[in-house]
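Keep the structure open and follow along.

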Amino acid sequence: MNPSTPILRRSVTEIQPWAETCGQIRPLIEEKDGAAAEVHHLEITGAKLHYHERTDEIYYVLDGAGRMRVGDEEIELRKDVTVYVPRGAKHRAWGNLKVLVVCIPRGVLHDVHEVE
């Protein structure tokens with residue numbers, strides 16, 4: 001059996017970050033890679049309130065502490081906490097956080113709708 005997508009190996013240290021709605025982003029698996037999902041490393045201090053029409057997100061906190069608002073609920077974030085954010089849910093995070101975000105399906109960077 002031949003995989004349709006090549007095996008990928010990337011290190012956070014090999015990727016130059018840039019600022020976007022959630023903070024400093026380093027795409028580890030990008031839309032152009034053809035995988036079923038995208039994986040981003042984010043450093044968050046104060047994300048803008050936003051939502052995604054077509055993309056679900058799973059946040060896993062690698063390090064740090066902060067808070068996240070999803071809809072009307074506010075959640076405490078700390079190392080090893082996972083949060084599922086369904087498509088359509090307005091959300092933002094703040095604090096001093098390093099997180100891994102899995103975006104399903106791929107294409108999240110074309111599906112960011114800022115509210116503020």
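Start with a definition: a residue is buried under 20% relative accessible area, exposed over 50%, and partly exposed in between, using a 1.4 Å probe and protein chains only. The model is predicted, so local features need pLDDT of at least 70, side-chain atom pairs count only at pLDDT 80 or more, and totals for chains, interfaces and linings use all residues. Residues are numbered from 1 along each chain as its sequence is written, and side-chain values use heavy atoms, with hydrogens and water left out.

Now turn to D111. This residue is buried, with a relative accessible area of 0%. Where does D111 sit? Its place is the loop between β8 (91-104) and β9 (113-114). Strands here are DSSP runs of E, at least two residues long, and helices are runs of H or I with at least four residues; both are numbered from the N terminus.

What surrounds D111? Leaving out residues up to four places away in sequence, D111 touches Y51, H52, E53, R54 and T55. Contact means heavy atoms within 4.5 Å. The side chain of D111 also makes a polar contact with the side chain of H113, at 3.1 Å. A polar contact is a pair of N or O atoms within 3.5 Å; within protein, one must be able to donate a hydrogen and the other to accept it, and residues adjacent in sequence count only if both atoms are side-chain atoms.

T55 is another partner. The side chains of T55 and D111 make a polar contact at 2.9 Å. T55 lies in the loop between β4 (50-51) and β5 (56-70). This residue is buried too, at 2% relative accessible area. Setting aside neighbours within four places in sequence, T55 is in contact with P86, R87, C103, I104, P105, V108 and D111.

C103 is buried at 0% relative accessibility. C22 is buried as well, at 5%.

Charged pairs come next. Side chains of opposite charge can pair when their charged atoms come close. How many salt bridges does the structure hold? There are nine. Each is a side-chain nitrogen of Lys or Arg within 4 Å of a carboxyl oxygen of Asp or Glu.

One of them joins E14 and R9, at 3.0 Å from N to O. E14 is exposed, with a relative accessible area of 51%. R9 is exposed at 62%.

E74 takes part in two. Its side chain meets R67 in a salt bridge at 2.6 Å, N to O. R67 is partly exposed, at 31% relative accessible area. E74 is partly exposed at 35%. The side chain of E74 also meets R69, at 3.0 Å from N to O. R69 is partly exposed, at 29%. Elsewhere, salt bridges that share partners join E53, R54 and D111 into one network. That returns us to D111, the buried loop residue.
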